[in-house]
Amino acid sequence: MGRYVIRRLLQMIPVFFGATLLIFLMVHVMGDPVAGLCGDRACDAATAARLKQEFGLDEPVGQQYLTYMGNVFVGDFGTAFNGQPVTELMAAAFPVTIRLTLVAVVFEIVIGISLGVLTGLRRGRPIDTAVLLLTLVVISVPTFVTGLVLQLLLGVRWGVIKPSVSSGAPVDELLIPGLVLASVSLAYVTRLTRTSIAENRRADYVRTAVAKGLPRRRVITRHLLRNSLIPVVTFIGTDVGALMGGAIVTERIFNIHGVGFQLYQGILRQSTQTVVGFVTVLVLVFLLANLIVDLLYAVLDPRIRYA
Amino acid sequence: MRGATHARWAACAVTVAVAAAACGGGGSGGGPGVVTSSWGDPQNPLEPANTNEVQGGKILDMIFRGLKRYDPKTGEAKNMVAESIGTKDAQNFTVKIKKGWTFSNGEKITAKSFVEAWNYGANARNNQKNAYFFGYIDGYDKVHPEQGEPSAETLSGLKVVDDTTFTVKLSQKFSTWPDTLGYPTFAPLPKAFYDDHDAWLAKPVGNGPYTVDAYTKGSQMSLRKWDAYPGEDKARNDGVDMQVYTDNNTAYTNLMAGNLDLVDDVPAAQLRNAESDLGDRYINTPAGIIQTLAFPFYDEEWNKPGREKVRRGLSMAINREQITETIFQKTRTPATDWTSPVLGKDGGYGPGLCGDACAYDAARARRLVEEGGGIPGGRLRITYNADTGSHKEWVDAVCNSINKALQKDKACVGNPVGTFADFRSQASEQQLDGPWRAGWQMDYPLIQNFLEPNYFTDASSNDGKFSDKEFDRLVNEANGETDTAKAVATFQKAEKILAEKMPAIPLWYQNGSAGHSDRISDVALNQFSVPVYEQITVDR
């Protein structure tokens, strides 16, 4: 187990460098960011040159990357164009997005798995068909449509929620944005769970459990569900990273000042430091989430052992 | 025991959620008497000489008062901290400041507060993006050389005479120079600015009607009324909470839901509904902004004699009336000169100065373009940035209009560029071979500000490198003219040359549009399309 974890951690290193280098080059290709800093009028040559020097933009891109990575390892993510250290931006943005992601994941787990179990056990019944149709609708409607419609109906028409999240982003205000963010994944979780449950229902060990006379609740939760959850856990695990990165749409609609907001601003202003810094952290989150998912397999199914 | 572990995990998640909810609390409402307003995240640090965009400028306008201030209604530059600014030769000025002004931290404002601030802003070492505003002052080339390190620390043209007087020597005659001093870059700075720069940036201290109460970068700034403010334009509300919105659609939605008092940028998509949604709470007033299509004069193909016919022809091929009506819902007015209506006729606004060239006439347009030798390269590519401002819509409409007039399907196409920064770098580095969207938001309400930076040889915003000796001569003459009326008339003479040469096609004047809740009244936009915050009153 320990060796497996170490091997996986080592594998992360090339992925990490590759991903950051790619992002670095992508932002670099977008052109000269200093030109945008001075607005509709060109910066005077002297100031432009000094600004480039300040942000290290006057060096060749390879050198810039090396310097940047060197700094990252001592915890310095550089400075955004508005003079704030990127780490400060991260400290403000990540807690908000993590909270939003947690809300979304809780929705996925609670609603997604319950609906999945419900429909999996009642395959072919009206409730199954109804939920299937519903998930189909949710999957086919883009997130920003769901978000804007909910915002308009709940926020403006009925006044149930605030149409935008205040700067502190408390969890109660994040419920609807979280639901919107989770919606598509939630539908997938429902379908995955349903299929998995429906398949395993006919498995030998379930029949044995029923034959032993175990109570129905115990058969479902301890035997059926636990084995059926493996693909679902894989999905939710990888989804954590996707949710954090993909929150950009939801965050924009509900004006949540999280990772999406900072990334969006960073891209608009071509602030390499901001974009690369945030993406670097997102890549790490993604890699770690994947590792945790793999480790969870062993917990769910003791037959899976890592050497 | 595995079941138990699961339950414990779930309980943990709930606890975390609840705890986070508790700690994240605190609403956004500013309480009675406080206005909540939409805001955009300023892209540069908030320093007077380093802020060159509207979002940061709004704040500076609330927390600073300079020597002059532009009357929010007429645009006239009126003395604020200045007692008088006198000159005999339009080159040497004596500035006297009023007694009794202080910064909100109690420090007295003296002649030194201005001179030191201007020296700081001009010095190349401080990387201030508005440094060129001090370019007229004698000695600027020493503190801000084109290349290399500055050879002087202070502007030789600035001299402190006593506590309330200082003199300014310009490097050339510039009669309307005192009227430029309402721009926030010329604000005075307190000692705290130099002593602890980071702390000042975290919570700026100025001398305006508001003080910064709290500032969370990227999300909110709370400004509160400064009770001891010595000026006459005291705030009529208790404060303003500026809330950052990434998307002005969300801000508008919040206004509709009653969570926000003021939106000073109605999204293009909502313009159609704004009037019916808001009634008389929808504001649509002219601002000092003009949009043009600029041409690349560094490109031989566009600079040949005879090409002005092509440019004039293209200008005639654009149906401005129709585009401003259908796409902009009348928040733009077809342009007929190169300035803005907010200047007023006395200030140099010359309606109709562009003449026939700005009137839609498809047949003549076609003839002129042919006479001029056709569009260089056979196709017009209009470059614009696609990230903000819904530029795609109007560029497509302009192209459509040109194609129709020239009776060619593909005579004009849009050429989108991903980000503003990339667009700006292509334009300022002379990489474009066709026209591009150019916009000019005035720094101060002077005809000089519309003409000189854009069309004077090698001027700061003359990206197309247009150059005309007669134009330059007239501008210099106008700047040296001590009589304002004569100066304006000479500027307009220079503008007539633009009408002939058409270095940029005037498209339309832009309005400022805003909407507000029924909780506040006396809302107005100034000529910079910025709300006049201190005049807003809160009804309940």
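Chain A of this predicted model contains 12 helices and 0 strands, and, read along the sequence, its pattern is α-α-α-α-α-α-α-α-α-α-α-α. Taken along the principal axes, the C-alpha atoms of chain A fill a box of roughly 85 × 55 × 30 Å.

**Where the two chains meet**

The contact between the chains draws on 53 residues from chain A and 59 residues from chain B. The size of an interface is often given as the accessible area lost when the parts come together. Here chain A and chain B bury about 4,700 Å² between them, and 51% of this area lies on carbon and sulfur atoms. Within chain A, the residues that lose the most area to chain B are A:D40, A:R41 and A:R50, which together account for 17% of what that side buries.

Polar and charged groups also take part in the meeting of the chains. Across the interface of chain A and chain B there are 18 residue pairs in polar contact, with both residues at pLDDT 80 or more, and the rule for salt bridges finds 3 of them across this interface. A salt bridge joins A:R252 to B:D247, with the closest N and O atoms 3.7 Å apart.

Several helices of chain A give two or more residues to the side that touches chain B, namely helix 2 (33-37), helix 3 (45-54), helix 5 (86-121), helix 7 (143-157), helix 10 (216-253) and helix 11 (259-268). Helix 3 of chain A gives the most to this side, with 6 residues. By class, the residues on the side of chain A that touches chain B divide into 24 nonpolar, 17 polar and 12 charged.

**Enclosed spaces**

The count of cavities of 30 Å³ or more comes to 4, and the table sets out two of them.

| Cavity | Volume | Lining by class |
|---|---|---|
| Largest cavity | about 290 Å³ | 14 nonpolar, 6 polar and 5 charged residues |
| Second largest cavity | about 130 Å³ | 3 nonpolar, 9 polar and 3 charged residues |

The largest cavity is lined by 25 residues, of which B:T292, B:A294, B:A438, B:N454 and B:S461 are the closest to its centre. The elements that give two or more residues to this lining are strand 12 (282-294), helix 15 (420-428), strand 16 (436-441) and helix 16 (447-455) of chain B. Strand 16 of chain B gives the most to the lining of the largest cavity, with 5 residues.

Turning to the second largest cavity, 15 residues line this space, and the closest to its centre are A:A80, A:L89, A:Q262, A:Q265 and A:R269. Helix 11 of chain A supplies the largest share of this lining, with 3 residues; helix 11 is also listed among the elements that give two or more residues to the side of chain A that touches chain B.

**Salt bridges over the whole structure**

A search of the whole structure finds 32 salt bridges over all chains. One of them is formed by B:R69 and B:D233, whose closest N and O atoms are 3.7 Å apart. This pair links distant parts of the chain, with B:R69 placed in strand 2 (residues 68-70) of chain B and B:D233 in the loop between strand 9 (220-225) and strand 10 (239-244) of chain B, so that the two residues stand 164 residues apart.

Note on methods
Residues are numbered from 1 along each chain as its sequence is written. Chains are lettered from A and ligands numbered from 1 in the order in which they are written. This is a predicted model: local features need pLDDT of at least 70, side-chain atom pairs count only at pLDDT 80 or more; totals for chains, interfaces and linings use all residues. Side-chain values use heavy atoms; hydrogens and water are left out. Contact means heavy atoms within 4.5 Å. Buried area is the accessible area (1.4 Å probe) that two parts lose on being put together, summed over both. A salt bridge is a side-chain nitrogen of Lys or Arg within 4 Å of a carboxyl oxygen of Asp or Glu. A polar contact is a pair of N or O atoms within 3.5 Å; within protein, one must be able to donate a hydrogen and the other to accept it, and residues adjacent in sequence count only if both atoms are side-chain atoms. Helices (H or I, at least four residues) and strands (E, at least two) are DSSP runs, numbered from the N terminus. Ala, Val, Leu, Ile, Met, Phe, Trp, Tyr, Cys and Pro count as nonpolar, Asp, Glu, Lys and Arg as charged, and the others, Gly among them, as polar. On a 1 Å grid over the protein atoms alone, a cavity is a set of points where a 1.4 Å probe fits but cannot get out, and a pocket is an open set with protein on both sides within 12 Å along at least five of seven lines; lining residues have an atom within 4 Å of a point. Grid points are joined across faces, edges and corners, and a volume is the space filled by probe spheres set on the points.
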